[in-house]
Amino acid sequence: MTSATTSTTTGTPALLSVADLRIAFPGRNGAPPARAVDGVDLDIRPGEIVALVGESGCGKTTLARSLLGLVPPTAGRVLFDGTPLATSARALKAYRKRVQLVLQDPSGSLNPRHTVYDAVAEGLRIHGHGGDERAAVAGALARAGLRPPERFFLRYPHELSGGQRQRVVIAGALVLEPELLVADEPVASLDASVRGEILALLLRLRTELGLSALVVTHDLGLAWNIADRVAVMYLGRIVETGEVEQVLTAPRHPYTRALLSVLPEAPGAPVVLTGEPPDPSRIPGGCRFHARCQILASGEAERAGVATACRTQDPGVLSGDGTAQVACHWAHAVAGTEAATPAP
Ligand SMILES: Nc1ncnc2c1ncn2[C@@H]1O[C@H](COP(=O)(O)OP(=O)(O)O)[C@@H](O)[C@H]1O
Ligand SMILES: [Mg+2]
């Protein structure tokens, strides 16, 4: 590493790299297409945990699924280890051994008629695992915190707690020794008491196995606990990204500020966003957030001289390279003023 300013993550080649990804779903009954993902750049480096946060409907699940080749992009591309995601079924099968998806609802991902052993062994069978299946299943269950693993082999999902079921799902992902885990709201359906345990498990896996992960969540507290880096998504775009501590303690985008202001521990009054809830089939011109922006509504953007830009100029797609960035005319104008103020 040559530069003292280079963090431990930037500069390392990305394991996964998303470049100007766009995914539109056809509109129903003549409605315009829904641009669920509307220009996203995002890199994930080896061993890095990135949290993707944003309100329901902003495109998180669509983006996550596209990383596994489950939703075809309308434009742009996904590179894994420097290679574009294949489209043939055979190549995708090989890819899905290296990248695993963990879903929100563990009951939905487990077949009620399959034992824990069969649920975890399924991936090995699909991918024609040559080694000792029993040992691999036991190892994965143990790593997922189900110990002693043999005690769980013949249990059925209904005999387990929600937390244990989520551990079985995670064991099923781990058994293939993936390099990247994509977890879509991995604890959203769990009780608060087991949420912390599953988070601790995900963190331990990163330390023990060097796993990289994209963790999708609408919960900023969870992002804070688990991620190195956070990407805040609004209407199909990442509008702010950076190291988790920086973004969550000194948010620059008005949308990030609004999300943080409604957390129970937040100081001050919650920011109430005006305007209609975001609709990906009608993305506003200019800054896509402008119609709901508290900074524009309060006149602060006007005072910073950017109100017209907010209404008419798209702040553009942020680079996915892991550096701190914000897509906001006002944040850039204010940062410019701060930089120009002479030090006392
Ligand atoms: N298969 C689909 N067909 C049409 N619209 C979809 C489809 N999947 C998602 N969408 C729309 O795309 C937008 C983003 O959805 P989603 O990715 O599930 O967001 P999130 O996970 O952030 O809640 C939503 O407006 C949703 O209605
Ligand atoms: Mg979702």
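This is a predicted model: local features need pLDDT of at least 70, side-chain atom pairs count only at pLDDT 80 or more; totals for chains, interfaces and linings use all residues.
**Entry 1: helices 6 and 7**

I started with helix 6, which covers residues 162-174, and helix 7, which covers residues 192-209. What angle do helix 6 and helix 7 pack at? I got about 20 degrees, and their axes are 10 Å apart. Angles under 35 degrees count as roughly parallel, so I wrote helix 6 and helix 7 down as roughly parallel to each other. Their crossing is right-handed.

Next I looked up who meets whom. From helix 6 I listed Gly162, Gly163, Gln166 and Ile170, and these meet Val194, Glu197, Ile198 and Leu201 of helix 7. Sorted by class, this contact has four nonpolar residues, three polar ones and one charged one.

**Entry 2: helices 4 and 5**

The crossing of helix 4 and helix 5 is right-handed.

Which residues make the contact? On helix 4 I found Tyr117, Val120, Ala121 and Leu124. On helix 5 I found Glu133, Ala136, Val137, Ala140 and Leu141. How do the residues of the contact of helix 4 with helix 5 divide? I put down eight nonpolar, no polar and one charged.

Key: Residues are numbered from 1 along each chain as its sequence is written. Chains are lettered from A and ligands numbered from 1 in the order in which they are written. Axes are lines fitted to C-alpha atoms, for helices over the stretch in contact, and angles run from 0 to 180 degrees between N-to-C directions. Helices (H or I, at least four residues) and strands (E, at least two) are DSSP runs, numbered from the N terminus. Angles under 35 degrees count as roughly parallel, over 145 as roughly antiparallel, 65 to 115 as roughly perpendicular and the rest as oblique. A crossing is left-handed if the near helix is turned anticlockwise from the far one by less than a right angle, and right-handed if clockwise. Two residues are in contact if their C-beta atoms, placed from the backbone, lie within 7 Å. Ala, Val, Leu, Ile, Met, Phe, Trp, Tyr, Cys and Pro count as nonpolar, Asp, Glu, Lys and Arg as charged, and the others, Gly among them, as polar.
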